[in-house]
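Here are a few friendly notes to read with the structure open beside you. Take them one point at a time.

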Amino acid sequence: MGGGRRRTYRRIDSAPRRLNRNLSVGEMTHQHATRRIVIKNQQGLHARPADAFVKLANQFQANVEIERDTLRVSGKSILDLLTLVAEQGVQLTIIADGPDAEAAADALAALVDTFVEEDEQPDTQPD
Amino acid sequence: MRILQGIAVSPGVAIGEAVVIDDKGYRIPRRFIARGAVESEMQRLEGAFAAVGKQIEQSRDEIAGELGQQYGAIFSAHLQMLQDAKLRTEIDHLVKQRHYSAEYAITRALGKYSKFFENLPTAYLRERANDVHDIERRLMGELIGNRREALEEIKSPVVVLANNLTPSETANLNREMVLGFVTEVGGPGGHTAIVAEALEIPAVVGVGDFLNEVSGGDLVIVDGDQGRVIFQPDDETIARYEQEVEEHRSLAARLDLLRDLPSELLSGEQIHLYANIEFPHEVDACLQRGAEGIGLYRTEFLYLGQEQEPTEEDHYQVYAKVVQDMGGAPVVIRTLDLGADKIARAPNESRVAEANPFLGLRSIRLSLRNISLFRTQLRAVLRASMIGEIHVMFPLVSTLHELRQAKMLLTDIMEDLDEEGIPYDRNLKIGMMVEVPSSVIMLDHFAKEVDFISIGTNDLVQYTLAVDRSNKEVAALYNNCDPAVLRLIEMTVRLAKEADIKTTLCGQMGGNPIYAMLLIGLGLRSLSITPSAIPEIKKVCRSVSLAQCEEVARRVREMENAREIKRYLREEVRRAVPELMM
């Protein structure tokens, strides 16, 4: 996984955002990381997976944003994340900026990969 | 300043801060706060978020314990939404920078999200709006409480603005704190209106949509005399109304002096003034105003808002209390006068929605179709007749057959009571409401079978003119002094006199001073009116002679439209009793 590392993307947003606003550490420690992910679970990025995603994202110092096509929102806000309406099969880009951006992007991309099992469990074997 | 016109249903003027209750039952809070209140508003906000956080955690733990972790997880997501830093930053900003109230800031910030989710293409995605609503509901619950609390726990004097108030909500209003109320829907003669009048709270109903444009805390004037509602009045208007409130108060004080004086015309004829009541506690108001008795005791409140039908004992207890408290003065108990939709257990066939409820299964028709319910009430009336002077009255009688059926049932119950050895007044007087044109036309026959009649003008006007008084579109056609209505009243008085039975008039018309001279001139000597109107009507009686009243009636007979008649009557009473400020 993670084949799309350092892939360039064009910003189509008409009002581009500053990415590095929260950086107080020196340039030396600054990292920028992006990961392409695909939502695989049937119900999409609904409340429970979004909760897990935001919980994890908030453990990192790096600023985390998620992009779907032209729309980019904060990866640390569950309400924003839900407005992406990321259903099954939707491609998203994780964009992390900050001292631990690489670690954040890796961890989040890995988390999204686990959504398949987590989500389908209650359907097949309800307790 | 903004002025809206509605329908005046309970007189008087109220000036106060608004409490707004929307059509879903939430209280709409104030929108903006004073600059100096930012600090305390932020504390309210903090407190609400902390409390809701605890609530959600509790729900999560409970559900997880009962149904498993997977189910508790949804509350975990709710908690995440509540703690969403971006949301919180925005809400804080709205309060600190724009001086929004905590409630308004939350509604605005969360509203953006719920609106977005509501517009998504599939039902599954739209479900997300419910999560946002749930959080908003919890926060609002913390900040302002739910509807019941909103109405019952009002702690400072306010004016209540609502889409609608049910009769039981109206009845439960705290009279000390609720200065007045205004509703978007409703009409004159509706139950809410009658209850408001009984509580003596100024009220205007049927104003139309306005709740979206007001917010809690706004200053409002309710003019229950003119049916006007004034939002954010200017200083001049406030001053004018404050003076009016003061004048009302001093007039009321002067009218109080009339209590123990006889209710008679200058020429000496006695005019009997009875009171209409809805609740047992109103007996106090009747005695304070010097009512001769209760001319109309409406028993509907026993049925309204109840899960179950009232028992015979429920009926008996309240009837006994009213009769006892009236200390020997007569009490006319009217049997159930409601539509089928209003009672807990209506007969099955009446569950069908009626296209024309006012022409449908209601009142005596409903009672006769639901004999066990009717029997319960009549047994209680008969038992209570041993305590004091009780008369029983049947509403909405439109055919002789109905009257005979009702009387037959009463005889039947008397026989039962005899067998059971339960005492009752064997001379119990039986009367009927005259409120359907057919009963006026056939009154010579009806009069042979009843001891007294009471003219119910509210329904008589509605059925004569074919106007639904609660329909704003046609309410203007509803007119007490339409010449057709006046002819029916006069005919009723004449036929009852020929049959030598007593006639009372008990509609709202009787309590309005502008009609008093006319009604006396048409031959009425007995009026049953809302207790608060007794002093004014007595004042009119004591200021005019029978000749004057008969002259008014003679002039009115020649007039052909309601408008002209009303204008003339207003002028006459103004001339005869200038103090009433008509």
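1. Contact means heavy atoms within 4.5 Å. Between the two chains, 23 residues of chain B and 21 residues of chain A take part in the contact.

2. Before going on, please note that this is a predicted model, where local features need pLDDT of at least 70, side-chain atom pairs count only at pLDDT 80 or more, and totals for chains, interfaces and linings use all residues. Residues are numbered from 1 along each chain as its sequence is written, chains are lettered from A in the order in which they are written, and side-chain values use heavy atoms, leaving out hydrogens and water.

3. Chain B and chain A bury about 1,900 Å² between them, with 59% of that coming from carbon and sulfur atoms. (Buried area is the accessible area, with a 1.4 Å probe, that two parts lose on being put together, summed over both.) Gln70(B), Gln80(B) and Arg128(B) give 30% of the area that chain B buries against chain A, more than any other three residues.

4. How many salt bridges are counted between chain B and chain A? The count is 1, a salt bridge being a side-chain nitrogen of Lys or Arg within 4 Å of a carboxyl oxygen of Asp or Glu. The side chains of Lys86(B) and Asp80(A) form a salt bridge, at 2.6 Å from N to O.
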